Amino acid sequence: MPASSATGPASRPRLHADAPPRPGLTSLTPSAEVAWAGLLWTLVRTDFKARYHGTASGFLWALLKPATMFVVLVAVFSLVFSSEPTYKFDLIIGLFLWDFFSDGTKTGMTSLAVKSYLLTKARLPGWVVVVASIANALLTLVVFAAAVVTYLVVWGPSPAPRGLAAFGAYLLALASMVIGISLATSVLFLRYRDLNQVWDMATQAGFFVAPIIYPLGVIPERFHLWLFLWPPTPVMEFARGALVDGALPSWRGHLCLAAMVAVIVGSGALVYRRHAPRAVEYL
Amino acid sequence: MSAATLIEVEGLSKTFHIPSVRRDTVREHVFGLLEPRRWEPLRVLDDVSFELRRGETLGIMGRNGSGKSTLLRLLCGIYEPDAGRIRRHAGITPILELGVGWNPELDAIDNVYLMGTVLGLSLRDVDRSLDAILEFAELERFARLKLKHYSSGMASRLAYAIAFAAVREVLVLDEIFAVGDAGFRARCEERYRQLRAAGHTVLMVSHDPRTIGLFCDRALLLDGGRIVAEGSGVDVAARYVATLTPQG
């Protein structure tokens, strides 16, 4: 702190802002005003700290929870579905991907409302807040992915390198879709404060629309197209094919998934762009 | 515009539309489809124009509800105007609603990082300024205490310390020097003078005639969303006091 005749000794440390005004920041665009990468990292880090009370054991629990759940599910399903060895993996993959989708979209929807204390203080890119909000769900997904891949590599059926790469791409596609949905719902939630309850109902029904606890094959083929329009469905089916069955979908399947991601992210960004400028007025 | 103008405000207007019945949920919108609402326009700012020149301190005074806070939020880009234009030719550091906006579950250091990055500091900037921020706020001993255990005065001191570290070319201050004890206020005033000496431009809102008269080269008086007086800080402060005094 600068020396102050009123309050303190001359040896106080100085704030760097004593330098002349920085001339480079001449426009009030988010990229110029806020170092968004630093903001994103700080939001993610402080969210984890607040959630796990800033303790190492708390953070360790965040890592252990999905890993432990994976071990428990493998053990239980190995007993229950011992006659169908691949079904347990289909089920576990479906459950974890669904958990990420459900958790990520729920926290993404309320992200701007929860961070209203920041958004009303300064202009900052709200999309960073939305993206940061899914970090915890993403961490769980990454730990699960590491656990399932490790298990399959060690105990088989070992997935091919191509399958692993494809699995990574599917996770990226799912995360992109969660961000796209969250961008739209985060601004709409500010106007419709029970949207989270509506979404809760939708995801409850969606759990059974996605082929999580049943194999897609039990549904007549003429309904498959409709089921595949529910975003988690293609990701689950493709991920199971890549990891467990060793069969990648056709290029047309990949194209459809890419188109779905583009439509969801594009629509989410459009809705966000339309409503974000006045979002703060609803906080 | 001259090269000395940092912010130009032309014909700025802002209206909030207040519904006769408030509907905040999907359920209320669906059930209210057959009951149309009336919207009452509340014009908070009406055709406001002014310039902020490099190196000056411009004060804004006005009674509660005169549009001061909305004007600050528009200038800082937090609100969007309905009409008119704001041209910003310099970076702005907003210091609004001090003491509000902390994450109570985080300690002072994490809140410094959070608020610092929100105000535009890089992580390296925060690293470099952290000790100075805590010392200015006189909170070194409580750096690891969660904000929920802070008094409002401690939280406000921390807010000022961060804001004074994140300062860009233009500082926008809401009710500066209104917090803390006499010693801390004196340090804030000293800090303000240093920033002015370093060439920063300041726009400040205050209800305090002394603050406006003492620190502002120029001032505006807002009433009903319009500028009703403009002049030196001393003159506008006197005019503001006169508006508060019942006419005999």
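This note walks through the predicted model above, point by point, with each term explained as it comes up.

1. **Ground rules.** Residues are numbered from 1 along each chain as its sequence is written, while chains are lettered from A and ligands numbered from 1 in the order in which they are written. Since the model is predicted, local features need pLDDT of at least 70 and side-chain atom pairs count only at pLDDT 80 or more, whereas totals for chains, interfaces and linings use all residues.

2. **Chain B as a whole.** Let's start with an overview. Chain B has eight helices and nine strands; helices (H or I, at least four residues) and strands (E, at least two) are DSSP runs, numbered from the N terminus. Its C-alpha atoms fill a box of roughly 60 × 50 × 45 Å along the principal axes. Of its 248 residues, 46% count as buried. A residue is buried if 20 or more other C-beta atoms, placed from the backbone, lie within 10 Å of its own, exposed if 12 or fewer, and partly exposed in between.

3. **Contacts along chain B.** Two residues are in contact if their C-beta atoms, placed from the backbone, lie within 7 Å. Among the contacts in chain B with a separation of 6 or more, 74% are between residues 24 or more positions apart.

4. **The six-stranded sheet.** In chain B, six strands line up as 5-6-7-3-8-9 in an open sheet with mixed pairing. Strand 5 (92-95) and strand 9 (226-231) of chain B each have a single partner strand, so one side of each is left without a neighbour in the sheet. From one strand to the next, the twist averages 15°. Helix 8 (residues 233-244) of chain B packs on this sheet, touching strand 3 (57-62), strand 8 (218-223) and strand 9 of chain B, and its direction makes about 25° with that of strand 8. Such angles run from 0 to 180 degrees between N-to-C directions, with axes fitted to C-alpha atoms, for helices over the stretch in contact.

5. **Strand pairs to look up.** Two strands pair if DSSP finds at least two bridges between them. Strand 6 (residues 170-174) and strand 7 (residues 201-205) of chain B run parallel and are joined by five bridges; here B:Leu173 has B:Met204 as its bridge partner. Strand 1 (residues 5-19) of chain B runs antiparallel to strand 2 (residues 39-53) of chain B, with 11 bridges, and B:His17 is partnered by B:Pro41. Strand 1 of chain B also pairs with strand 4 (residues 83-88) of chain B, in the antiparallel sense over five bridges, where B:Val9 stands opposite B:Ile86.

6. **An enclosed helix.** Why is helix 3 (residues 108-118) of chain B largely enclosed by the rest of the structure? In this helix, 10 of the 11 residues are buried, so the rest of the structure largely encloses it. The buried residues include B:Asp110, B:Asn111 and B:Tyr113. Their cover includes helix 2 (36-51) and helix 5 (116-119) of chain A, together with helix 4 (123-136) and helix 5 (152-165) of chain B. Just after helix 3 of chain B, B:Gly120 takes a positive phi of about 105°.

7. B:Asp107 is found in the loop between strand 5 and helix 3 of chain B. With 19 other C-beta atoms within 10 Å, B:Asp107 is partly exposed. Leaving aside neighbours within four places in sequence, B:Asp107 is in contact with B:Ala143, B:Arg144, B:Leu145 and B:Lys146.

8. **The nonpolar core.** A nonpolar core is a set of buried Ala, Val, Leu, Ile, Met, Phe, Trp, Tyr and Cys residues joined through C-beta atoms within 7 Å. The largest one has 138 residues, and A:Leu97, A:Leu174, A:Ala239, B:Ile162, B:Val172 and B:Ala219 touch the most other members. Helix 8 (residues 161-191) of chain A gives the most to this core, with 15 residues. Leaving aside neighbours within four places in sequence, B:Ile162 is in contact with B:Val112, B:Met115, B:Gly116, B:Leu119 and B:Ile133.

9. **Two helices in chain A.** The axes of helix 8 and helix 11 (residues 232-245) of chain A come within 8 Å and cross at roughly 165°. That makes the two helices of chain A roughly antiparallel, a label for angles over 145 degrees. Where they meet, the residues include A:Phe167 and A:Leu174 in helix 8 of chain A, and A:Phe238 and A:Ala239 in helix 11 of chain A.

Methods
Parallel < 35°, antiparallel > 145°, perpendicular 65-115°, else oblique.
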